[in-house]
Amino acid sequence: MKKYTSVDDIQDLKEFLELAKKIKADPLANKKLGKDKTIGLLFFNPSLRTRLSTQKAAQNLGMECMVMNLNTEGWTLEFGDGEVMNGAASEHIKEAAQVVSQYCDIIAIRSFPTLKDKEKDEAETVISSFVKYASVPVISLEGATEHPLQALADALTIEEYKTKERPKVVLSWAPHPKALPQSVPNSFVKMMKKMDVDFIITHPKGYELNPSITEGVTIEHNQETAFQGADFIYAKNWSSYNDYGQITNQDPQWTIGKKQMELTNNAKFMHCLPVRRNVIVTDEILDSEASLVIPEANNRTFSAQAVITKLLTQ
Amino acid sequence: MKKYTSVDDIQDLKEFLELAKKIKADPLANKKLGKDKTIGLLFFNPSLRTRLSTQKAAQNLGMECMVMNLNTEGWTLEFGDGEVMNGAASEHIKEAAQVVSQYCDIIAIRSFPTLKDKEKDEAETVISSFVKYASVPVISLEGATEHPLQALADALTIEEYKTKERPKVVLSWAPHPKALPQSVPNSFVKMMKKMDVDFIITHPKGYELNPSITEGVTIEHNQETAFQGADFIYAKNWSSYNDYGQITNQDPQWTIGKKQMELTNNAKFMHCLPVRRNVIVTDEILDSEASLVIPEANNRTFSAQAVITKLLTQ
Amino acid sequence: MKKYTSVDDIQDLKEFLELAKKIKADPLANKKLGKDKTIGLLFFNPSLRTRLSTQKAAQNLGMECMVMNLNTEGWTLEFGDGEVMNGAASEHIKEAAQVVSQYCDIIAIRSFPTLKDKEKDEAETVISSFVKYASVPVISLEGATEHPLQALADALTIEEYKTKERPKVVLSWAPHPKALPQSVPNSFVKMMKKMDVDFIITHPKGYELNPSITEGVTIEHNQETAFQGADFIYAKNWSSYNDYGQITNQDPQWTIGKKQMELTNNAKFMHCLPVRRNVIVTDEILDSEASLVIPEANNRTFSAQAVITKLLTQ
């Protein structure tokens with residue numbers, strides 16, 4: 001593996017999950033692997049979980065960590081070829097990626113979508129440009145269309161908590177006051193397609209995800225029908241893909257509560273966090289034993305550590 | 001000790017100060033104690049001394065340090081129970097505290113008061129919520145009503161520089177152009193009440209601190225009377241507690257200078273820093289041999305290191 | 001060597017470059033030198049290369065690194081003597097420098113010029129005040145009038161790539177949409193005067209640098225004449241020194257392209273980065289084998305490491 005910017009980069013998920021489980025059982029076992037190596041974490045957007053868990057993962061491997069919050073420092077990059085750079089951008093991605101490669105053994109980047117320019121977002125301009133020009137492996141800390149580290153933690157969590165060989169997993173849209181990216185659900189869908197699960201997506205009409213990603217997955221617009229017999233409910237809000245970046249529905253009936261969870265097979269509740277209580281999910285569910293959100297967040301460390309391990313031993 | 005968010009958390013001050021002195025004599029003696037452990041420093045407000053000294057303390061113990069400046073990253077938390085989170089807050093403290101606990105062995109937090117909402121400030125909403133929901137020990141890097149790490153450094157400094165068994169210590173209000181918190185004087189008062197000192201507070205009428213904190217302490221509104229025979233002058237500005245958060249007096253007569261210091265028993269001058277020269281204290285005093293502000297700042301490292309040591313060996 | 005805030009601080013450049021080359025050949029050879037020591041990186045202005053390369057250099061020496069972005073945290077310092085500090089500044093440099101010296105073994109600072117107040121900029125108020133009051137060595141991460149770490153990396157790069165004993169080096173002004181400091185060209189000029197090179201500066205009239213720095217150096221206002229037979233072209237924009245901080249000319253004829261490079265002796269192209277493509281230099285040159293900008297950026301690590309090594313072994 002030479003990069004991890006998409007769930008598509010995983011060649012053998014089983015092996016990957018075995019590695020993550022092994023790491024979780026003894027996180028410091030491989031502390032010499034990253035000795036004298038450095039990971040650069042570049043944030044074009046804020047981050048809490050991703051930053052701390054990736055930093056922790058790197059430390060567990062004995063790596064040094066250099067964190068740059070580029071969002072607050074107004075580092076404007078040019079991505080176009082042949083541009084006359086007499087505007088706001090002071091540096092071209094060609095130099096930026098090559099320069100950071102001089103100081104880091106792995107570059108990890110967070111760069112959110114515009115949610116306005118679909119074409120630009122789908123091109124994953126920032127991350128794919130780093131992949132193109134960097135001379136070291138690149139990790140996505142959430143890009144414009146994917147959040148592959150989250151999806152790996154989610155897969156690990158489902159592996160750990162499933163009580164049958166082929167559990168039913170439901171990805172359910174839930175309301176939210178702000179327009180959010182599709183990166184988490186996109187990566188989750190891709191991940192579920194790689195797992196031995198009975199997977200179904202439920203959302204109000206108008207919230208269809210990119211059809212090339214959901215191809216082959218059952219989409220059910222009736223949330224109650226979707227939840228029947230589910231073993232895992234994965235809640236997430238996202239903005240419209242067709243009416244790009246728009247909020248087309250905020251129906252509070254979709255907030256996940258006792259009423260919905262009672263339809264399931266005593267399902268576990270998952271969410272990538274941060275989660276808006278009583279908007280995405282009720283207190284009752286989030287504070288119940290059904291909720292896996294904290295162990296799921298904990299798994300962020302081990303999934304990141306598995307990715308870094310793979311990249312350092314490729 | 002399971003947390004250090006108030007001077008009240010100190011059970012045996014003598015033992016604590018002995019530990020701090022031992023650490024200062026050989027700061028790296030215990031470098032294996034924090035091996036493979038991580039402290040998370042979360043700042044909702046700016047910090048220089050506290051951040052660098054706590055980071056240094058952690059490093060002296062061999063810990064990894066993860067710093068988050070949450071103030072510049074607009075991480076808005078919800079603290080209320082049962083709230084429908086459809087406003088600005090994107091994460092509830094319940095999740096935030098539990099999640100950070102997954103990645104850190106100790107969580108240290110700075111969160112200043114509003115100086116507008118007395119009830120909210122006195123509830124120490126941010127820090128007490130972290131204490132409530134985190135699964136690891138919590139340290140205050142200055143809260144709404146206390147700055148216990150500063151007070152411990154102050155106690156250590158007085159211990160080191162006192163020339164008699166029971167020195168006279170005067171906490172003196174001094175003018176300042178901005179409304180400042182009462183956290184430093186509050187913790188200092190609590191600390192002095194635990195020490196074998198002759199302690200007195202002096203301030204203009206209207207600057208009474210929280211009476212439940214100053215209970216039993218002599219308050220003298222005449223600065224000259226208070227300074228008579230003092231061994232330590234601890235200067236600090238604070239805003240009014242009764243007329244909450246207001247500046248009710250900026251009397252330049254209270255600026256500490258030669259005139260006042262001459263009334264003392266060749267007293268040492270202390271201040272937590274940052275200090276406004278020629279407003280809080282004159283250049284003449286601050287640049288004189290009487291000033292302890294730099295060794296006092298140096299003691300921040302060892303007091304933080306004592307606290308972390310206690311929390312890691314509890 | 002007790003500080004490195006100017007190229008003037010270098011006493012024996014040959015020895016320095018030998019050290020840097022030795023470090024580059026085996027960057028981790030001296031990993032115990034910085035054990036249990038801390039470098040504080042204080043940024044009053046944004047930084048990418050300088051921050052990452054200095055951090056990397058410190059890590060290569062086994063040092064701990066504490067980074068403070070003072071620019072985003074609004075840390076306003078007072079520098080004047082005897083000031084009554086009732087304005088914006090909350091701390092005097094006297095305390096700030098002494099306090100940071102308590103926690104760090106080396107202090108490194110970035111502080112850009114105002115480009116408005118020539119006298120203040122030439123006084124290097126921030127960095128020279130840290131030098132005056134700090135009790136530990138100070139490194140400039142780019143000040144108001146010099147960027148000595150960059151110049152050292154440039155010298156190392158010329159040493160590595162020169163193919164004759166006394167190469168011809170041309171510093172060429174190039175256009176830029178914003179008014180930029182003179183610190184990079186100032187330090188480069190000072191460095192070239194220390195090296196065995198045939199050095200010439202070319203710029204449009206009105207862009208004369210500080211004459212006390214360029215004293216004795218040939219200045220040629222015709223770029224084509226200057227480039228004849230050159231072995232190294234060092235491109236850089238700067239604002240006017242005489243008409244202080246102003247852009248007096250943006251002549252696109254000065255953009256360095258094939259036309260100019262063909263006049264040279266197959267010269268190498270250098271720039272400190274970030275570089276604006278097709279404004280400072282054409283894509284054609286920057287993407288050609290003549291360009292040294294990436295190895296030059298890489299040398300930032302080794303020049304910083306040489307400086308830190310010198311300061312720790314003084």
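# Close-up views of a predicted three-chain model

**View 1. Chain B meets chain A.** The contact draws 23 residues from chain B and 24 residues from chain A. This is a predicted model. On the side of chain B that touches chain A, the elements giving two or more residues are strand 2 (38–43), strand 3 (64–69), strand 5 (91–92) and helix 3 (93–103) of chain B. Helix 3 of chain B gives the most, with 6 residues. Sorted by class, this side of chain B holds 7 nonpolar, 10 polar and 6 charged residues.

**View 2. Chain B meets chain C.** Here 24 residues of chain B are in contact with 23 residues of chain C. Two or more residues each come from helix 2 (49–60) and helix 12 (293–313) of chain B. Helix 2 of chain B supplies the largest share of this side, 6 residues. The side of chain B that touches chain C divides into 12 nonpolar, 7 polar and 5 charged residues.

View 3. Two copies of a chain are related by a rotation about an axis and a shift along it. Chain B can be laid on chain C by a turn of 120° and a shift of 0.0 Å along the axis, with an RMSD of 0.0 Å. That is the relation of a three-fold axis. Chain B is superposed on chain A by a rotation of 120° with 0.0 Å of shift along its axis, and the RMSD is 0.0 Å.

**View 4. One residue of chain B at the axis.** Which residue of chain B comes closest to the rotation axis? That residue is B:Thr72, with its C-alpha at 4.3 Å. For the rotation that superposes chain B on chain A, B:Thr72 again comes closest, at 4.3 Å.

**View 5. The surfaces through which the copies meet.** Only 4% of the interface residues of chain B are also interface residues in chain C, so these copies meet through different surfaces. What holds for chain B and chain A? Only 4% of the interface residues of chain B are also interface residues in chain A, so these copies too meet through different surfaces. Helix 3 of chain B gives the most to the side that touches chain A. Helix 2 of chain B gives the largest share to the side that touches chain C.

**View 6. Chain A as a whole.** Chain A has 12 helices and 12 strands. Its C-alpha atoms fill a box of roughly 55 × 45 × 35 Å along the principal axes. With 314 residues, a compact globule would have a radius of gyration near 20 Å, and the 19 Å of chain A agrees. Of the 314 residues of chain A, 56% count as buried. Among contacts in chain A with a separation of 6 or more, 79% join residues 24 or more positions apart.

**View 7. Two domains in chain A.** The domain assignment of chain A gives domain 1 (3–146 + 300–312) and domain 2 (150–297). Their centres, taken over C-alpha atoms, are separated by 25 Å. The contact takes 21 residues from domain 1 of chain A and 21 residues from domain 2 of chain A.

**View 8. The domain 1 side of that contact.** Helix 1 (13–25) and helix 12 (293–312) of chain A are the elements that give two or more residues to the side of domain 1 that touches domain 2. Helix 12 of chain A gives the most, with 4 residues. The residues of this side divide into 11 nonpolar, 3 polar and 7 charged.

Key:
Residues numbered from 1 in each chain as written. Chains lettered and ligands numbered in written order. Predicted model: local features only at pLDDT ≥ 70, side-chain atom pairs only at ≥ 80, totals over all residues. Least-squares fit on C-alpha atoms with pLDDT ≥ 70 in both. Contact = placed C-beta atoms within 7 Å. Nonpolar A, V, L, I, M, F, W, Y, C, P; charged D, E, K, R; others polar. Domains from an automatic or database assignment. Rg over C-alpha atoms; globule rule 2.2 N^0.38 Å. Buried ≥ 20, exposed ≤ 12 C-beta atoms within 10 Å, placed from the backbone.
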